[in-house]
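Me: I'm new to reading protein structures. Could you walk me through a few features, one at a time?

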Amino acid sequence: MKMRTKTAASLLITAALLLCAFPNAGAAEETAAVSNAVAPAADTESAFWDLPPYSEYRAEHADASAEVEPILIQAADYSRSAGDVHKEDYMGEAALFTPEEGSVEFDFTVPKAGLYLLTVNGAAVQGKQSSIERAVYLDGKMPFQEASVFAFPRTWKSLSGIQTDAKGNDSPPAQEEEKRWTDTVLRDRTGLNTDDCLFYLDQGNHTLRVESVREPYVLRTLTFCAPDVLPSYKEIKAGYDKAGYLPAKEPLMLEAEAPSFKSDSNIYPVSDRTSTATSPYSAAKIRLNCIGGADQWNMPGQWITYTVKPKETGLYHIAMRYKQSFYDGMFVSRRLLINGKTPFSEARNIRFVYNGKWQVAPVGDGENAFEFYFEKGREYEITLEVILGDMASVLGAATNVIASLNRDSQKIVMITGTTLDLYRDYHFDVLIPDVLADMRAQLQALQKIYDEMVASVGGKGQQTAIMDNVLLDLRHMTADPKELPARLDGFKVNLGGLAAWVLEAQKQPLSLDWIMLAPVGQELPKAQNGFSKELWNGVLQFFYSFVIDYYTLDSEGTFGRSVKVWVGSGAISGRDQAQIVRRMINDSFVSQHGINVQLQMVVGGTLLPATLSGFGPDVVLQEASGTPMNLAVRGAVREITDLPGYDRIIKRFDPATLIPYQLEGKTYALPDSFSFPMMFCRMDILSELGMKPPETWEDFFLMVPELKKKNMDVGLPSDMGGFLMLLYQNGIELYRDGGRRVNFDEVGALEQFRYFTDLYSEYGLPLIYNFPNRFRTGEMPIAITDFSTYNMISIFAPEIQGRWSFFPVPGTQKPDGTIDRSVTGGGACSMMMHSCKDPETAWEFMTWWSEAETQTRFAREIESILGPSARYSSANLEAFAQLPWRASDLRSITAQRAFVRGVPEVPGGYMTGRYFGFAFSLVVNNKMNSSEQMRYYTKLIDQEIAEKRAEFGLS
């Protein structure tokens, strides 16, 4: 009891101390802040976390009939709409355009109660080339969680065949979107439910609302109908035998790296040099000879389609040369479709088993090869779609277990805090009996998953090891709750490992070399060449590695002017990314500008020694923001302020992004990318606690004690970036006297430094933390971090999808009532070296590179290769607006961008961050006086700046 009283008193005192940081806030503002911080969240029937998952919804309606008649809804006959919804003629059809924001509602009548599939016929339109997403509501309510986001397909194709550069190496072809009408059956986009989603409808009148989540889409029809009942392969084979179909005689081979259509632009040809049997192959040149692999065509819902026209009517096997060397002891799965339809039930789940080498096998069930009947001259589309197959039920159940155990862990931490007393009896059986009961239930559920997994893969192994650890922890903790404190930290680590495994197992990587329509009965080609040929190939590869330069990607022009460009860091740190830049140069720069470009890939740290030795480039792309000033004061980087069109070109950027590259009225680089912090919030946890995202720091600080009572943390950067938020929001600049002195010793700065350090020394905010993991588990429901983290959480924490969002950071309220949300940002840049002999030519390249069209294309193609987690945050404002953010998220980012401040780079400025860190550590860790430490280190910083300015001849 004394401990609780002391803790409460300490929190109240600290809250009072921190509120003193805002002397302009009166009693009225304080009352409003308290109200805003702890007021109940807006009540909504369809909050994602209040909805049942589809599995529960389906079980609730398990007895409903699926023998129903179709209900056709013409999209143009809509009843109500919000946003720019309008009728239009699209590809010769009457259709309904739905924008990236808004909704459309349809009234319809159901003649018979039952379970219905919902099939949407629509087409993609020009947007930001990201996934098309819609939410579905029935009678004003979202029926289950998965209905919050249904994905609709885009169709992509290559503009040409595989391209060859000036050195004879292959590079991927450019992609374009194919406009076509597509029937989409609504299905869980995560793939954890392999069956199509069924909606229960009572007899009578209903409304269907389709709400835009991302990207525009054109609707033609929406159809509620009965689910398909597929025949078995045995029934299909019996039909072939009865009809007297005979095997064909002539095979048809297709190179897998050249599909006719695909679902994503990031499915592109890749190179394999592990086997000389891969077609085509070269020991000297890079050949893009297969498709798939570890990084593409591996997520549920992705597909590739091949168009074939057999030369002979008859029975064929569909054989493939494939490699699944990614999951030891496991299998990956694909759904086979012919002309958009699954031919029989077994084709819904085709397994590809593990082997370290390439394999050749016909499509089958592991015992029998399936036969397919094709007619001469008729065109067929063969589609392979990524699915989880038999792993779906395992991973879906494991996801539910992880979510439940995370909630249990969170409730335990609310009692114990993050630092547990190993010798204390917390009486968990009295305080949280419901949590212990749920942990026992999850133990049984996880044991069932484990047994199913072992049976599915044929034994224990690497894939079941992490489950062993979690099961062991659960057995000990539920058998004797006194063991909870000793095991909780390890349990959370193991649970995080299990979540990571579930995420990784959702990927279904597979490489394809070729696909063959092989006549039934004919022998298939061998998967490997002989040992002697492979050995000789290894010798050749070793020899060519000494004589062939794979790192210089010359353009294909023969013009008199040229520029040498270096890449190798930031967003252009790999060959695939560099190939994109090279292709863009060839497509839209070389011939239009009459300039050759020598594009070279270099490793990090190469620029300085190359510059000193006189062998450096003319232009460097994606260089760190601190480099231009560091080299410019030494005369190694050319200023660009006096070059043609400079005043026009810098209007492409927010002025804040240019500040790190400016000194003494001169500019030395153009920004390439730029990002800044935002506030991430677990909306489900805040709603449960009756809170809303804070608007001001008063709101933020008042929430901290409430969260601390539940043993939760908030995340605030403990580096200089976190401090600069408070500094700039209070009208204090980082430097004064034109960058000659740092402003840390100003009275206001000293006050803000004391408040900032108090957050960590008195309030107990964590100094170091794994934000994505703690955000995922709910231990840190609010944190301020770079907005690019959004994409990482979206991908690596799918179990909290729909439960979180991000907002502009809390701000400082001004006397006029406005809120200053200033933050600092940073990024990468492109710069011209002083050794460049033709500055006008180099400037022409830099101008082209910074154009909105160039930056937009680069951003989209980079994301198409690396996925959404690598989204490129272009500094070009027009290009950034074209990135594939959801409209609501883009609004939040744009609102925060209006308050972004650039951090000046000054000679000797590297000491600013270093000495700030020293002062911060001494105050927080050693309880030193904050003002004394900051004044002391301010003198040292000013001294370093003065010395460097004198060294480089600056007044």
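Me: Let's start with lysine 709: is it buried or exposed?

Reply: The general idea is to look at relative accessible area: over 50% counts as exposed and under 20% as buried, with partly exposed in between. Lysine 709 has 54%, so it's exposed. Keep in mind that this is a predicted model, so every value here is computed from that model.

Me: Which residue does lysine 709 meet in a salt bridge?

Reply: For a salt bridge, you look for a side-chain nitrogen of Lys or Arg within 4 Å of a carboxyl oxygen of Asp or Glu. Here the partner is glutamate 706, with 3.5 Å from N to O. Both residues sit in helix α17 (residues 697-709), three residues apart, which is about one turn of the helix. Glutamate 706 has a relative accessibility of 30%, so it counts as partly exposed.

Me: Which residues do salt bridges with shared partners join into one network?

Reply: That network is made of Lys492, Lys708, Asp713, Arg774 and Glu779.

Me: How many salt bridges does the structure hold?

Reply: There are 46 of them. Arginine 189 is partly exposed at 30%, whereas glutamate 133 is buried at 2%.

Me: And what about arginine 214 and glutamate 133: how far apart are their closest N and O atoms?

Reply: They're 3.6 Å apart, and the two residues form a salt bridge. Arginine 214 lies in strand β15 (residues 204-214) and glutamate 133 in strand β7, so this pair ties together parts that are 81 residues apart in sequence. Both residues are buried.

Me: Okay, sheets next. In what order do the strands of the open sheet come?

Reply: As a general idea, strands of a sheet pair through backbone hydrogen bonds, and they can be parallel or antiparallel. In this case five strands form an open sheet, in the order β2-β5-β15-β7-β8, and the pairing is antiparallel. At the edges you'll find β2 (80-82) and β8 (150-152); each has a single partner strand, so one side of each is left without a neighbour in the sheet. From one strand to the next, the twist averages 30°.

Me: How many bridges join β2 to strand β5?

Reply: Three, and the two strands run antiparallel, with β5 covering residues 103-110. To trace one by eye, find serine 81: its bridge partner in β5 is valine 104.

Me: Now a loop. Where is tyrosine 872 found?

Reply: Look in the loop between α23 (852-866) and α24 (877-881).

Me: Last one: which residues make the nonpolar surface patch of about 260 Å²?

Reply: Ile415, Val430 and Leu431 make that patch. Leucine 431 is found in helix α6 (residues 428-431), and with 49% relative accessibility leucine 431 counts as partly exposed.

Conventions. Residues are numbered from 1 along each chain as its sequence is written. This is a predicted model: local features need pLDDT of at least 70, side-chain atom pairs count only at pLDDT 80 or more; totals for chains, interfaces and linings use all residues. Side-chain values use heavy atoms; hydrogens and water are left out. Patches are made of residues with over 30% relative accessible area and no salt bridge: like charges are joined within 9 Å, nonpolar side chains (Val, Leu, Ile, Met, Phe, Trp, Tyr) within 5 Å. Accessible areas come from the Shrake-Rupley method with a 1.4 Å probe; for residues, only the protein chains shown count as cover. Helices (H or I, at least four residues) and strands (E, at least two) are DSSP runs, numbered from the N terminus. Buried means under 20% relative accessible area, exposed over 50%, partly exposed in between (1.4 Å probe, protein chains only). Two strands pair if DSSP finds at least two bridges between them. Axes are lines fitted to C-alpha atoms, for helices over the stretch in contact, and angles run from 0 to 180 degrees between N-to-C directions.
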